[in-house]
Amino acid sequence: SYLRILHYVTPLAYRRKLDLCLSSATQLLRSWLLAKAISMLFIGVFIALGLWALQVPIAGTLGFIAALLTFIPNLGPVISVVPAALLAFAISPTKGILTLLLFGFAHFLEGNIVTPLLERRIVTLPPALTLAVQLLLASVTGAIGVVLAAPLTAAMLGVLMVLHPADPQPSSANTRA
């Protein structure tokens with residue numbers, strides 16, 4: 001119903017461009033969400049198996065929490081380690097340190113191998129732009145801004161790709177030697 005209202009208030013001459021912008025934003029958001037879901041699944045399984053191997057109780061639940069918090073770029077991985085580390089340190093200092101190392105290694109793999117490979121194949125979101133939008137939205141709206149920064153950045157880039165398409169590369173006949 002909101003899209004119908006948006007179409008109604010948009011002049012006829014711009015409705016085609018509006019449809020292209022919405023379609024591009026939707027496609028980029030879907031691609032980003034797919035890449036993020038695969039990354040979250042990787043973290044959840046890796047953490048759950050690692051904690052299970054370390055014999056930390058409720059390893060599956062802690063892996064699930066880590067997977068969910070991976071949705072929040074930059075801040076989520078830091079928050080996700082807290083419950084697992086507290087539980088592991090309550091059992092023994094060795095398990096606590098091994099849990100911290102497990103989370104560090106898992107998020108290192110995810111941040112440096114898994115996510116870059118996924119984003120190269122599925123969606124391209126510039127990390128610096130995402131971080132800048134996170135900082136801006138965090139200062140304006142707080143924690144919810146941090147959570148929504150990446151999907152809003154993806155939607156914004158989808159719209160910008162339609163409004164300002166990349167300049168075509170000059171052909172060799174038009175270039176000067």
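Leaving out neighbours within four places in sequence, Leu51 is in contact with Val56, Ala59, Leu62, Ala84, Thr99, Leu102 and Phe103 (contact means heavy atoms within 4.5 Å). This is a predicted model, where local features need pLDDT of at least 70, side-chain atom pairs count only at pLDDT 80 or more, and totals for chains, interfaces and linings use all residues. Residues are numbered from 1 along each chain as its sequence is written, and side-chain values use heavy atoms, without hydrogens and water.

**Nonpolar cores**
- A nonpolar core is a set of buried Ala, Val, Leu, Ile, Met, Phe, Trp, Tyr and Cys residues joined through side-chain atoms within 4.5 Å; buried means under 20% relative accessible area, exposed over 50%, partly exposed in between (1.4 Å probe, protein chains only).
- The largest nonpolar core has 15 residues, of which Ile47, Leu51, Val56 and Phe103 touch the most other members.
- Two or more residues each come from helix H2 (12-53), helix H3 (59-69), helix H4 (76-91) and helix H5 (93-121); helices are DSSP runs (H or I, at least four residues), numbered from the N terminus.
- H4 gives the largest share, 4 residues.
- Another core, of 10 residues, lies apart from this one and includes Leu28, Trp32, Ala35 and Val114.

**Helix H1**
- Tyr2 belongs to helix H1 (residues 2-9).
- Tyr2 is exposed, at a relative accessible area of 71%.

**Loop between H2 and H3**
- Gln55 is in this loop, has a positive phi near 60° and is exposed at 61% relative accessibility.
- Ile58 is also found in the loop between H2 and H3; its phi is positive, about 50°, and its relative accessible area of 52% makes it exposed.
- Most residues other than glycine have a negative phi.
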